Every structure is written in structure tokens, then in C-alpha cells.
Amino acid sequence: MAELRVFPLACAVQNYAWGKLGQESEVAKLLASNDPMVQIEADKPYAELWMGTHPKGDAVILDNRIPQKTLGQWIADNPGCLGSKVKDTFQGQLPFLFKVLSVNTALSIQAHPTKELAEKLHAQYPEHYPDANHKPEMAIALTPFEGMCGFRPVEEIVAFLQNVPEFRTLIGNVAAEQLERSVSDDPRGVAAALRVCFTRMMKSEKKVFVDQLNMLVKRISQEAAAGKDTSASCGELLLKLHSQYPGDIGCFAIYFLNLVKLKPGECMFLGANEPHAYLYGDCIECMACSDNTVRAGLTPKYIDVITLCEMLNYTPAPSSSKLLVPVQSRLDPCIYLYDPPIPDFSVMRIEIPSSIKLYLVSAIDSASILLVVQGTAVGTSTAAVSEMALRRGSVLFISANESVSLHQSAGEGMLLFRACCLL
């Protein structure tokens, strides 16, 4: 009998409070589609589906030949399944965590450290930074998705300083004028002025920023009620965030950070030291295996303003610069590759038209995790114990250098996402 190296997974669900409720959540829909016996609770948040080996949500192997074993345990026993380069580079560990996120309320102003900073933070504050790894992330929209990422072009921030008096009061005239003068400076001068402004805001006394925020919310609410255009103050987003996190300094971050709106299939990459927040929508996420997040607002979790302000990349750039455009494969036109500038992970979007009845998920020199988002098929592999019924929500682990044949059984075509490590 062939060695078992391809198998389906049962994956962990995280019910964080910021997640979409019940059947509004793409996570819940995937769960229910894959297993009709799953009961989706209408008033329960289904925030994240974790596909990987994270100790807080290690996937369970669905195969009778491997009873009650998690994917992490199996990889530890069979490190060759990762592929030789991946095994050696990442010390026998799967280097990524693959996720589906369903975001209903804003998910913290945050950034992730470089490996060097992660090692330092972990050594000093292990209770807040539990490992020594970096945590780059990539978000691919499944539904229209909104987030904030990176500092806006400085001209936009200056315009807010001139149009939003409460924001200018919080920053202070001296720092605001320095930023206004820096527009014609070299990039280092702009970044230095931006750092001063952002740090002044984040370190302002609570009574001061709460008073200014309440004044701003009152003014915007009155203008909106009178039918006035509040877009020069980002009024709609401000009121939304304030309703979710009243009195939170993160509400003012909208005047510094780019608003990014992704259509399904579009992607943003979040590198080290890049300030960001997810606001609303459903996405595929892939990230390096780490829990290191430095937060500073729009969250009930631990906040580390000093570290955040010191570590950030203060280079202003338009929102379009944060997008990672997938490249269509020349060998297989069904594949669109999202390949970020880090070694830990890549993601393939695989769109199989209904006219292709038999499709080969090709072997690569990396372990991979395959998620079915749309369509049905019967999967076969010489490295699987039997045929595998695949439908929306199914998740497969595919060892390095193994392939899977998909026999499409319906006329709708298929949409798959495959996370891997292409060294």
C-alpha cells in the first residue's frame, strides 16, 4: 500500500468577538458547506479558520490510518513531507499559517516586527511577544474587503491637518507645521516629520484625545444629519470606528493611514513595521508562524505604543503601492500566483473552468495546504488512501512532490487557494 502523504484536514475555528455572526461569515459558510451536520449559531461570531500547525489550533488529520493525530504531530514524525529545502530552511516546521478571516468590526491598529526586533521583544517581554519570529502577512479578498495599510501620501495627511481642526489640535501646531513644510523635503525629512506627528498623537494624554474625539464626532454627526458632505474629514469611517471603539485613539489613525478597498481576488501584502488594520470583509490570509503583534488602538488587547511608534516604517506612499498583483502561470493558465518578497509563503489562486473535467494539482517541492472555496470534485492521488470527496470548505494537506487529480463532478467550475513555500 502506498505511503499516506495526502489527506483531508479538520481545521480550528476561532470565535473572536470581532468576527461576523452566523451565516454572515464566510468562515461559517465554508464550515456548513463542507459538513452539513455542523450547526451554525446565528448569534455567534465565526472570525477565523486556521489551516496549519499553530499550537492554539493545530489541524486534525481526517484519516482512519492516522487516528487522532494533528498535522503538527504528523509533520514532526515525517519532516521530509515539507520538501528538502523547506525542511532545512525552517528547521522541520511548516513555515506558514493559512487562514480564512471574516471581519465585522475593526481589528486593531497594529504592526509586526522584523526577525531582529522579534528576538529582542521576545527576550524582554515573552508574556506579550511569545516567539522570536517575524510575522509578514498577506490578505486576499474573498468578498469586498476594507483595511488600512501604510502611511498616506504626506499631501493627504496635510490636507486633514487643515480640514480637521480637532486632529490638528491633537498633533499641535509646531509638529503640524513641520510636516507641512516637509512636503518639499527629501524622503528622510518627510519621514522624520511624520514620525513626530504620529508619535505626538499616539502619546497624547487620554483626557486630551477623548475630548477632541468627542468634539469631532459631535461635529461630524451634526454635519451628516444636515446632509453635508463629510468626506473631507473621512466622516463615515470615523463614526463607524467610534461606534465600535468609543473614545479610542485609533479613531484618529484614519487621518494617517491609507484606506485600502480590495475587490475579490485583489491582495495586499503587510511587511514588517507596516501599520495596518482590517476593517470589514472576508479574506484569505497567509502569514509566517508567529504570534508577535504590536498593537496601539482599536483593540481590547495589550497596547504597546512606545514600541509601535519606534518601529514603524514612516515612508508615505499611495494605497496602490500596498497591493500585491498576482501573476498568471505560463505553464498553467488556471493558476495565479501571489508571491510576496519574503521566503515563508506564497499562495496560488486556482480557477478551473467547468469545461476542464480532469485537473491536475501539480507536485511542487513544498508541502502545501489546499482550500476549496467553490465547486465539487473527487480527488485522487497515489499518496492518498482512497478517493476524497471535495466540496466547498474542504481542506487538503499535500506533501512535497505529490500531486492530486481533481475529477470535477458539477458544472460550476472550481475556485481553490493553495498555500505553499516556494524557496
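1. Asparagine 273 sits in the loop that links strand S10 (267–270) to strand S11 (276–288); helices here are DSSP runs of H or I with at least four residues, and strands are runs of E with at least two, numbered from the N terminus. Its phi is near 70 degrees, a positive value in a residue other than glycine. Asparagine 273 counts as buried, at 16% relative accessibility (buried is under 20% relative accessible area, exposed over 50%, partly exposed in between, with a 1.4 Å probe and protein chains only).

2. A word on the basis of these remarks: this is a predicted model, in which local features need pLDDT of at least 70 and side-chain atom pairs count only at pLDDT 80 or more, while totals for chains, interfaces and linings use all residues. Residues are numbered from 1 along each chain as its sequence is written, and side-chain values use heavy atoms, leaving out hydrogens and water.

3. Most residues other than glycine have a negative phi. Glutamine 91 lies in the loop between helix H3 (84–89) and strand S5 (96–103), and this residue is exposed, with a relative accessible area of 62%.

4. Now to helix H1 (residues 26–34), whose buried residues are Glu26, Val27, Ala28, Leu30 and Leu31. Their cover includes strand S2 (12–14), strand S3 (48–51), S5, S11 and strand S17 (368–374). At the start of H1, a side-chain oxygen of serine 25 comes to within 3.1 Å of the backbone nitrogen of valine 27.

5. Strand S14 (residues 335–338) pairs with strand S15 (residues 346–352) over four bridges in the antiparallel sense, and tyrosine 338 stands opposite valine 347 in S15.

6. Finally, the packing. The largest nonpolar core has 57 residues, and Phe167, Phe198, Met201, Tyr255 and Phe256 have the most contacts inside it (such a core is a set of buried Ala, Val, Leu, Ile, Met, Phe, Trp, Tyr and Cys residues joined through side-chain atoms within 4.5 Å). Helix H8 (residues 187–202) gives the largest share of this core, seven residues. Apart from this core lies another, of 48 residues, among them Cys81, Cys267, Leu324 and Val347.

How values were computed:
Contact means heavy atoms within 4.5 Å. A polar contact is a pair of N or O atoms within 3.5 Å; within protein, one must be able to donate a hydrogen and the other to accept it, and residues adjacent in sequence count only if both atoms are side-chain atoms. Two strands pair if DSSP finds at least two bridges between them.
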